[in-house]
Amino acid sequence: MNTGIISIRYARAFLKYVNIQGDADAAYNDVVRLRNALTTSSCYEALKSSVSLDSLSLSLIRFLEFVFSKGRGDLLKFILHDFEELYLEDRKIIQAKLFTSVASEKLENFLKNTIKSSTGCQLQLETVIEPDLIGGFTFSIKDIRVDASVKGQIETLRKQFISKNKRIV
């Protein structure tokens with residue numbers, strides 16, 4: 001069977017359920033915590049040790065019981081991943097990463113405002129400081145990457161130099 005079709009159906013159903021219950025934000029936060037725990041251990045170990053069931057929302061607990069009762073526990077990672085994506089899409093939130101050599105609140109605000117004005121979506125930005133970039137920044141959003149770093153420009157120049165000087169002298 002196609003795990004993608006199955007997991008997206010469960011994720012859509014869960015999103016509808018938590019929206020009706022008015023518990024979507026709490027469920028999303030719990031799903032993020034649970035999915036992080038699942039990346040380091042199996043489903044059962046994560047549910048027993050890493051994440052306390054008492055700390056999870058009632059909606060998520062009921063959903064987990066439903067998923068396991070249907071024998072779909074092996075798809076839980078995929079279902080939770082699809083739920084996260086659907087939740088962000090439903091709330092019009094775009095996730096992105098910004099790599100800079102130094103922290104720049106002005107750059108972060110500029111990117112957030114630009115994305116908001118062009119797409120109408122809120123930008124959830126994760127900023128990572130990388131001194132190796134020397135200067136500038138690298139911005140990744142979905143499958144698009146913009147490299148405006150000094151390190152990237154130096155690498156581009158190096159590749160151009162190598163390609164133009166391949167002849168033997």
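The structure is a predicted model. Helix α4 spans residues 58-69. The sheet is open and has 4 strands.

**Helix α4**

- Helix α4 has 12 residues.
- From its first C-alpha to its last, α4 reaches 16 Å, close to the 16 Å expected at 1.5 Å a residue.
- Ser59, Leu60, Phe63, Leu64 and Val67 are buried in α4.
- Seen down the axis of α4, these buried residues fall within an arc of 130°, so they line one face of the helix.
- The face turned away from that buried side carries Leu58, Glu65 and Ser69, which are exposed.
- Just after α4 comes Gly71, with a positive phi of about 75°.

**The sheet**

- Strands of a sheet pair through backbone hydrogen bonds, and they do so either parallel or antiparallel.
- Here the strand order is β2-β1-β3-β4, and the pairing is mixed.
- The edge strands are β2 (122-129) and β4, and each of them pairs on one side only.
- Direction ignored, neighbouring strands of this sheet are turned by 15° against each other on average.
- β1 and β2 pair in the parallel sense, over 8 bridges.
- Look at Ile94 for an example: its bridge partner in β2 is Leu123.

- Most residues other than glycine have a negative phi.
- Lys92 sits in the loop between α5 (76-90) and β1 (93-100).
- The relative accessibility of Lys92 is 52%; exposed means over 50%, so Lys92 counts as exposed.

**What to look for in the structure**

- On α4, find Phe63 among the buried residues, then turn to Glu65 on the face away from the buried side.
- In the sheet, start at the edge strand β2 and follow the order through β1 and β3 to β4.

Technical notes
Residues are numbered from 1 along each chain as its sequence is written. This is a predicted model: local features need pLDDT of at least 70, side-chain atom pairs count only at pLDDT 80 or more; totals for chains, interfaces and linings use all residues. Side-chain values use heavy atoms; hydrogens and water are left out. Helices (H or I, at least four residues) and strands (E, at least two) are DSSP runs, numbered from the N terminus. Buried means under 20% relative accessible area, exposed over 50%, partly exposed in between (1.4 Å probe, protein chains only). The expected span of a helix is 1.5 Å times one less than its number of residues. The arc is that of the directions from the helix axis to the C-beta atoms. Two strands pair if DSSP finds at least two bridges between them. Axes are lines fitted to C-alpha atoms, for helices over the stretch in contact, and angles run from 0 to 180 degrees between N-to-C directions.
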